[in-house]
Amino acid sequence: MKTIAALATPPLSGALGIIRISGDKAFLVASSVFAAKNSLPLAQWPPRTLVMGGAVVDGVLLDEGMAVRMVAPYSYTGEDTVELHLHGSIPALRAILEAIYKAGASPAAPGEFTRRAFLHGKLSLSQAEAVADLVTAETRDAARNAAGQLEGRLGRVFAETYDTLAGLLARFYAAVDYPEEDISPGEPAAILQTVLDTLDDLLLTAGKGLLLREGLRCSILGKPNVGKSSLLNAFVGHERAIVSSVPGTTRDTLEETVTVGGVKLRLTDSAGIRETKDDLEAIGVSRARGAAENAELLLVVLDGSQEMDDADRAVLDLARDRACLVLLNKADLPQKLEREQIEAAFLHVLPISAKFGQGLDAVYSTLRRLYEAGDTLYDGSVLTNERQADAIRRTMDAVRNALSGLRDGVTPDAVLAELERALACIGELTGRRVREEIVDEIFAKFCVGK
Ligand SMILES: Nc1nc2c(ncn2[C@@H]2O[C@H](COP(=O)(O)OP(=O)(O)OP(=O)(O)O)[C@@H](O)[C@H]2O)c(=O)[nH]1
Ligand SMILES: [Mg+2]
């Protein structure tokens, strides 16, 4: 396999810039640009030990730093690898990389290092996917779950399921070859039921996985002019939506994704809910109702400086029995709204001032309390990946067919076909039977240098 090289750190100026080189010629290529201070040839460096030295291109010293060599198979990729730990100077790193390519390495494709780690059996496919998830995680929960998957938590369940099904398949092949040795259907049925239960439990976690990946659908709801758009702006930290003192400013729905209190929210701001004769506004109001129906969490905004009216009551009615936070806005002004009645009906009632950013910390900590699961839940056993969920569904479908075949007393070869299908599907997860296109698709999502 050709030797590859790439910048492993972001292409920005910074404290460190790391170049990674992997493949048969890694040591040769690296020694053409990096010389140890102690003059020891790279091939004689102690493995997995940082060595001080300089990066020299065309006889010119471009940087000083450290380098480490790892001898196959004891590296991330499982191949001979060198990492150059230099300063994050983009012009210098570019020149050094150019020299590395001239010396015989090829630029690495996105995810190619991790792909090689998978090909050399250093990582299972789900662990490789976890690397990508960890790097792109947007919340601590998401990072923690990816780290657990990297450690192999999900991969173990996939591998065990694969082995169980493969064992069963072997027995059914034997039964087809030696029809006189009948297998009693009871035991295989029990095994298949256990496989179904395990996979079903896993699929149940996919809902939480979706929350980690996509964020919580959260709709800001209130009558006109209470400060909904001001709240959206306060969350995102800039003037995203138009704010004005004219009721009915916002017509269209606006969506923004923010991470607050460790929770990723997909926020929607929309028109204030009220009866209106204006056709355009009426469309906005109906969109606002639609967004509210669709939301997993409602942020109900009331104007604390005004007495409650029928429009507020209508809004509160929409929020009844829903997951919601009631925010009493304009807390910077003298308050006229009666809190007691609202507090009697809603669990989380918080005064805020969207305009001046007051009280938002309490909102964030409530969100954290309600939605950030912390260490126990997202330990790597939550399914976050739609590809994996899809393969599990298909595996279960085949296992269910095999199971009902067994119960109906069909011939072993009919059961066998379903077991083969189940094994093929779960094999897409362990990577043991995965098609090249799927592997391509997975690694294409990575960035270069990983
Ligand atoms: N004093 C004070 N004024 C606020 C606060 N939040 C919003 N406002 C003012 O209230 C008015 C309406 O604010 P918006 O954010 O446009 O309200 P909205 O709910 O989006 O209004 P519509 O889009 O018309 O439904 C503006 O004049 C804001 O400056 C607040 O916390 N304190
Ligand atoms: Mg608005």
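This is a predicted model: local features need pLDDT of at least 70, side-chain atom pairs count only at pLDDT 80 or more; totals for chains, interfaces and linings use all residues.
Reader: What span does helix α14 reach from its first C-alpha to its last?

Author: Helix α14 covers residues 386-408, which amounts to 23 residues. At 1.5 Å a residue, the expected value is 33 Å. The span in the model is close to that expectation, at 33 Å.

Reader: Which elements are included in what covers the buried residues of α14?

Author: The buried residues of α14 include Gln388, Ala391, Ile392, Thr395, Met396, Ala398, Val399 and Ala402. In an α-helix there are 3.6 residues a turn, so residues three or four places apart point the same way. The cover over the buried residues of α14 includes α4 (125-136), α7 (186-204) and α15 (412-430).

Reader: Which residue in β6 is the bridge partner of Gly14?

Author: Strand β2 (residues 14-22) runs antiparallel to β1 (residues 4-7), with 4 bridges between them, and a hairpin of 6 residues joins the two. Strand β2 is also antiparallel to β6 (residues 81-88), to which 7 bridges join it. Within β6, the bridge partner of Gly14 is Gly88.

Reader: Which helix gives the largest share of the shell around ligand 1?

Author: There are 24 residues around ligand 1, and Gly227, Ser229, Thr250, Gly272 and Lys355 come nearest. By class, the shell divides into 7 nonpolar, 13 polar and 4 charged residues. The largest share, 3 residues, comes from residues 228-236, helix α9.

Definitions and conventions
Residues are numbered from 1 along each chain as its sequence is written. Chains are lettered from A and ligands numbered from 1 in the order in which they are written. The expected span of a helix is 1.5 Å times one less than its number of residues. A residue is buried if 20 or more other C-beta atoms lie within 10 Å of its own, exposed if 12 or fewer, and partly exposed in between; C-beta atoms are placed from the backbone. Two residues are in contact if their C-beta atoms, placed from the backbone, lie within 7 Å. Two strands pair if DSSP finds at least two bridges between them. A residue is near a molecule or strand if its C-beta atom, placed from the backbone, lies within 6 Å of it. Ala, Val, Leu, Ile, Met, Phe, Trp, Tyr, Cys and Pro count as nonpolar, Asp, Glu, Lys and Arg as charged, and the others, Gly among them, as polar.
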